[in-house]
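Colleague: I would like a close look at one part of this model, with its surroundings described in order. Please keep to what can be read from the coordinates and the record.

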Amino acid sequence: MLEMALNHLVISLLEYTSTVYSMLMSLLLYLLFLLFLPLCIASQHWKALFDQRASCSCRQARKGEESSRNEAPARKQAETFDPDNTGYISTEKFRSLLQRHGSELDPHKLEVLLALADSNSEGRICYQDFVNLMSNKRSNSFRQAILQGNRRLCSKALLEETGLSLSQRLIRHVAYETLPREIDRKWYYDSYTCCPPPWFMITITIVEVAFFLYNGVVLDRFVLQVTHPLYLKNTLLYHPQLRAQAWRYLTYIFMHAGIEHLGLNVVLQLLVGVPLEMVHGAARISFVYVAGVVAGSLAVSVADMTAPVVGSSGGVYALVSAHLANIVMNWSGMKCQFKLLRMAVALICMSFEFGRAVWLRFHPSAYPPCPHPSFMAHLGGVMVGITLGVIILRNYEQRLQDQTLWWIFLSIYVIFVLFAIFWNIFAYSLLDLKLPPPP
């Protein structure tokens, strides 16, 4: 009797501790969000003021630009074609300038500048467009520059266009949900063809649901499948005793603790992942997702060495945290409706799911001595999202290899992966841990 009372007391204390811990983590996330949001808005305000002053006169902008060695002759000649300092060059003079100095320019830049001249229907080119392209100010948004030349005198926002079909309204909605700059939204709206469709996130979701239904039929359990004694015998989930089987660091995403775990992950994947894939493409979004998945399992193998891992929360949290961070960092430019309320709802859902994972981790296991799955994969996914994910989402239609932060964060990620590999090879034997028996 006394032993049962003590066990009940220990369970209650563990539940209370995990609940308090999840509440503290949620409060910390909200405090960081509330602190980060005003700073980002203020930085965007000062940036807007600076850009407004910098663009008030094309003549002032010309004085502030530093010419490179190869492009200086063309820029000097461009000023001679605008003696009245109007800020514009006729397309005829502009083409003669390119033909005269084309050999001094990068071939890719020459092609885009010619396309910009051909696409302009007003008979003139804005000098600032020329300077921006030549100085790498918009370092690889060349197609956007062509679009900007077409719409230079068109101040009508994409949101104001009427008579759109259902598919066009959907594309416009996705553009406003994910892109902070109007020129990017217009380019995406004009160029998106739904070919290929967002196949990656849809395929991953279908496979996850299929595996869950299969396991539910085999185990005859759909709620908290992880408590079934045969659950750990599956060859897909990560188990510390079977960490030498490398595929488990990735395939664990197809196993979920229960329908409550699968449901939230699927909803977030479809509501956030599909629009992001429609805008940024399957290659970039799949990279963020898979990087979050791998970082999640490796984080567990380093920080929670005795626990297994299940669920796609690492990849989901990478995408969602990258999207939320991108919204905050471009707060003034994002035009999605009710963005503050929706961010609060997303944070509440993420905190609820994370709290559930913490509670389950410290809840007494149904098959001791093996503990319940770890929650560290969530944190690994968040770290990938706010580093690599943010860089990818902030550079729509631009080459990532030209971004310094991309190489910095990618190097950090590679170093972490290499460290975790060596840790899994040597640390377990050196620390002499008592691991749970293999399933």
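Modeller: This is a predicted model. I start with Ile204, which is part of helix 10, residues 199-219. The UniProt entry, which is unreviewed, annotates residues 199-217 as one of its spans named "transmembrane region". That span is 100% helix and 0% strand, and 27 Å separates its end C-alpha atoms.

Is Ile204 buried or exposed? Its relative accessibility is 12%, and the cut-off for buried is under 20%, so Ile204 counts as buried. Setting aside neighbours within four places in sequence, Ile204 has contacts with Ile253, Phe254, Gln269 and Tyr289. Val266 is 62 residues from Ile204 in sequence, yet the C-alpha atoms of the two are 9.4 Å apart in space.

Two of these partners lead on to Ser312. Gln269 and Tyr289 are in contact with Ile204, and Gln269 and Tyr289 are also among the contacts of Ser312. Ile253 is likewise in contact with Ile204 and with Ser312. Beyond those, the contacts of Ser312 include Glu208, His256 and Asn265, again leaving aside neighbours within four places in sequence. Ser312 sits in the loop between helix 13 (282-303) and helix 14. Ser312 counts as buried because its relative accessibility is 0%.

Next comes the second largest pocket. Its volume is about 530 Å³. Which helices each supply at least two residues of its lining? They are helix 8 (166-178), helix 12 (259-280), helix 14 (313-329) and helix 15 (339-362). The lining has 24 residues, and those nearest the centre of the pocket are Glu177, Leu271, Val272, His323 and Arg342. By class, 18 lining residues are nonpolar, 3 are polar and 3 are charged. The second largest pocket lies between domain 2 (154-195) and domain 3 (196-431), because both give residues to its lining.

Finally, helix 9 spans residues 182-191 and is mostly covered, with 7 of its 10 residues buried. The buried residues of helix 9 are Ile183, Asp184, Arg185, Lys186, Trp187, Tyr188 and Tyr189.

Methods. Residues numbered from 1 in each chain as written. Predicted model: local features only at pLDDT ≥ 70, side-chain atom pairs only at ≥ 80, totals over all residues. Heavy atoms only, no water. Helix = DSSP H or I, 4+ residues; strand = E, 2+ residues; numbered from the N terminus. Buried < 20%, exposed > 50% of the residue type's maximum accessible area, 1.4 Å probe, protein only. Contact = heavy atoms within 4.5 Å. 1 Å grid on protein atoms, 1.4 Å probe; cavity = no way out; pocket = protein on both sides within 12 Å on 5 of 7 lines; lining within 4 Å. Points joined across faces, edges and corners; volume = space filled by probe spheres on them. Nonpolar A, V, L, I, M, F, W, Y, C, P; charged D, E, K, R; others polar. Domains from an automatic or database assignment. UniProt positions renumbered as here; feature names shortened; annotations may be inferred.
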